[in-house]
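Subject: Handing over the model

Hello,

Here is the structure I promised to pass on to you. Please open it first, and then read my notes below with it on your screen.

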Amino acid sequence: MRYTLFIALVCVIGMGCGSYSQPSQSTYKTHRVQQGETIYSIAKEYGLSENAIYRLNPDAREGISANSVLILPSTAEKITTEEGRSFKTHRVQRKETLFSIAQEYNTTVDEIKKYNKHLYAAQLKKGEKLQIPVGTKPTVVTDDNSNASNSETSGPVHVVQPKETSFGIARKYGLTLAELRALNPELPENLPIGYTLTVKEEAVVTSAVIEENEFDFYEVQPKEGFYRLKVKLGLSEEEIVALNPYAKNGLKEGMILKIPKENSTETGEALGTIDLERSITNRDTKRLAVMLPFMLNRVTSDSTSQRESILKQQRTVRVALDFYSGVLMAAEFAKDQGISVNLQVFDTEASEQRVRSIIGANNLQNTQAVIGPLLQKNVERAAADLKRDNVPVFSPLSNRNIDLSSNLFQTLPTDDMLKEAMLDYLERNTADKNVLLITDKRHQASKTAVLEIIPQVKSIMPREKGFLYQTDIAGKLDTTGKENWVILESSDPVLVSNVVGLLNGMPETYRLRLFTLDKGDVYDYDDISNMHLANLSFTFPSISKHYQLDEKEPFLVSYKNKYGVMPNRFAVRGFDITYDILLRLASTDDDMYDAVKSDYETEYIGNKFRYNKKFFSGYQNQALYIIRYNKNLDLEVVE
């Protein structure tokens with residue numbers, strides 16, 4: 001049946017591609033330069049930074065002349081004046097609140113309501129435009145007793161300047177937010193300009209005013225070190241220290257770090273899983289391209305036997321075909337939602353040069369998303385060549401540390417993310433457990449990470465020949481009723497099989513559970529019994545979840561009806577990635593970058609997605625699962 005599927009898909013691939021519509025003109029607006037205007041004056045007029053104008057008009061760096069035309073973001077609005085105040089028009093984005101908008105423009109909620117009177121009775125709505133008072137605020141006259149609590153406090157003081165925040169001031173003086181509040185018990189939530197604060201003797205950085213368009217603040221949480229922040233924020237120790245020199249001596253709880261705004265979205269919790277089928281607002285035709293290694297160049301005739309031979313010999317081809325069958329099903333499901341799809345399909349022939357040729361010979365600058373290629377070097381090449389046109393490229397199957405250019409979306413969580421998720425789970429759930437850690441010499445980094453979060457863990461190393469005796473483990477188990485959680489970190493099938501067998505031989509009264517930070521392939525060896533893993537409630541992090549093939553799920557039923565077989569994991573992944581892309585585009589204004597800004601997760605048959613922007617690079621899916629074997633030999637989601 002797979003061979004019939006191969007022939008059918010080859011026929012589909014060979015069909016002509018649909019036409020493309022012209023790009024929307026609503027993304028940008030223009031400004032005709034008047035005599036005497038400069039980039040500085042135009043930026044000020046529209047409330048933009050000069051860099052924002054230069055990015056869209058690189059030639060403007062050489063100078064501008066009267067009557068020349070500049071391209072500006074569509075959101076740019078001229079600043080107006082009224083009653084001696086300046087105003088800027090602000091378009092409300094998803095998740096914004098009056099408080100966050102007030103913080104952005106260094107004003108107050110009451111000031112915004114004053115000039116948008118409907119907000120006294122109505123809720124803020126996404127997309128509505130507000131008149132925001134900006135610039136110098138009206139002078140506030142206070143008596144000599146204002147801020148008295150600080151005037152009576154001995155020690156150096158800091159006078160609040162425009163755009164300064166509590167976070168920025170704490171960071172300036174090397175204080176935690178808690179320490180700043182302790183020095184200033186009546187610290188107001190919104191600091192007024194001119195307010196006097198008690199601080200430490202010397203500033204440790206030069207300014208408390210941080211570039212608002214580029215940086216945000218992060219408060220270090222308990223037990224967080226540089227490794228955990230690298231996974232959480234995507235910033236290395238060197239990058240954190242470069243932005244925060246006083247962190248070179250180590251991190252401490254409550255320390256305030258300056259981080260790029262694009263990384264700050266990763267510090268919050270996800271808003272939960274949402275159903276994008278209920279959020280469709282844009283049913284315009286979606287323009288996708290798929291690049292997969294079908295190897296049609298090796299088909300030299302119409303012989304069915306030759307195609308079957310290629311399919312048997314080439315695992316890459318089988319994976320590509322299964323994945324592509326899921327892509328086609330996603331397009332059909334989108335059609336059922338009223339969303340038409342213009343799908344271009346290209347055979348990469350597993351060649352980097354072929355990828356370059358495809359991009360060079362085809363008009364892809366208006367494509368809203370490119371799915372593939374499969375191989376790491378090829379998807380990196382595609383992203384690099386399409387970066388100039390800012391075309392989003394999705395890496396479908398590689399979870400290695402690929403070179404994330406700014407337009408590249410890594411759809412699989414990395415191994416480090418899986419380990420970090422498992423560490424978080426263990427940290428939250430081991431307070432009343434007896435925890436054992438079994439590691440070999442090749443996994444000392446995992447040992448260090450576990451000791452950092454569970455200092456009381458009992459560590460066990462295998463004997464010289466790479467195995468353990470029952471007495472090595474039994475002597476460290478609790479027999480008083482506590483659960484015994486065993487963390488096993490090894491990629492050696494001999495040691496893993498040895499430990500799993502020993503644990504299964506222990507009395508049930510020991511209440512044993514088995515965990516690992518990285519399942520890998522070692523637990524799939526024949527010598528390791530799934531029944532034994534089920535007996536130990538074996539728990540591990542995973543990029544995907546298990547689904548029952550007999551479920552009456554519409555995708556599974558439709559796939560079986562169309563192809564005569566149930567979908568494997570590659571077909572499911574092809575469906576999940578493609579359907580998620582289409583629904584995200586249908587819930588926004590056709591902008592993939594805007595569609596991944598929110599913290600919500602989406603979940604489909606076997607995969608879920610929550611993308612976050614990495615520091616000076618691309619986007620990373622951070623949604624994953626904690627899975628365990630249950631007594632029925634099923635894989636169930638723990639969280």
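The protein has 23 helices and 25 strands; helices (H or I, at least four residues) and strands (E, at least two) are DSSP runs, numbered from the N terminus. Please keep in mind that this is a predicted model, in which local features need pLDDT of at least 70, side-chain atom pairs count only at pLDDT 80 or more, and totals for chains, interfaces and linings use all residues. Residues are numbered from 1 along each chain as its sequence is written, and side-chain values use heavy atoms, with hydrogens and water left out.

**Confidence and overall picture**

The average pLDDT (the predictor's confidence in each residue, from 0 to 100) is 80 for the protein, and 81% of the residues score at least 70. Residues 206-212 fall below 50, and in the model this stretch has 17 contacts beyond near neighbours in sequence; contact means heavy atoms within 4.5 Å. Residues 265-270 also stay under 50, with 17 contacts beyond four places in sequence.

Of the 639 residues, 47% count as buried. Buried means under 20% relative accessible area, exposed over 50%, and partly exposed in between (1.4 Å probe, protein chains only). Among contacts with a separation of 6 or more, 69% are between residues 24 or more positions apart.

Two strands pair if DSSP finds at least two bridges between them.

Strand E10 (residues 286-292) runs parallel to E11, and 7 bridges join the two. Arg287 stands opposite Asn342 in E11. Strand E11 (residues 341-347) is largely enclosed by the rest of the structure, because 6 of its 7 residues are buried. Further along the sheet, E12 and E13 are parallel and joined by 2 bridges, and Val370 stands opposite Val393 in E13.

**Around E12 and H15**

Gly372 sits in the loop between strand E12 (369-371) and helix H15 (376-386). Its relative accessible area is 0%, so Gly372 is buried. Leaving aside neighbours within four places in sequence, Gly372 is in contact with Met291, Val379, Val393, Phe394 and Pro396. From Gly372 to Ala382 the C-alpha to C-alpha distance is 8.4 Å, and the two are 10 residues apart in sequence.

In H15 itself, the buried residues include Val379, Ala382 and Leu386. The buried residues of H15 pack against helix H14 (352-361), E12, strand E13 (393-395) and strand E14 (408-410).

**A helix pair**

Helix H16 (residues 415-429) and helix H17 (residues 444-453) pack at an angle of about 35 degrees, with axes 10 Å apart. Leu423, Leu426 and Glu427 in H16 meet Ala449, Val450 and Ile453 in H17.

Asp322 is part of helix H13 (residues 315-336). With a relative accessible area of 8%, Asp322 is buried, and its side chain makes a polar contact with the side chain of Asn568 at 2.8 Å. A polar contact is a pair of N or O atoms within 3.5 Å; within protein, one must be able to donate a hydrogen and the other to accept it, and residues adjacent in sequence count only if both atoms are side-chain atoms.

Asn57 belongs to the loop between helix H3 (50-56) and strand E2 (69-73). Asn57 counts as buried at 9% relative accessibility, and beyond its neighbours within four places in sequence it is in contact with Val69, Leu70 and Ile71.

Asp527 lies in the loop between strand E18 (512-515) and helix H20 (530-535). Asp527 is exposed, with a relative accessible area of 67%. Asp527 and Ser497 are 30 residues apart in sequence, and 6.3 Å apart in space from C-alpha to C-alpha.

Enjoy exploring it!

Best wishes

Methods: Axes fitted to C-alpha atoms, helices over the stretch in contact; angles between N-to-C directions.
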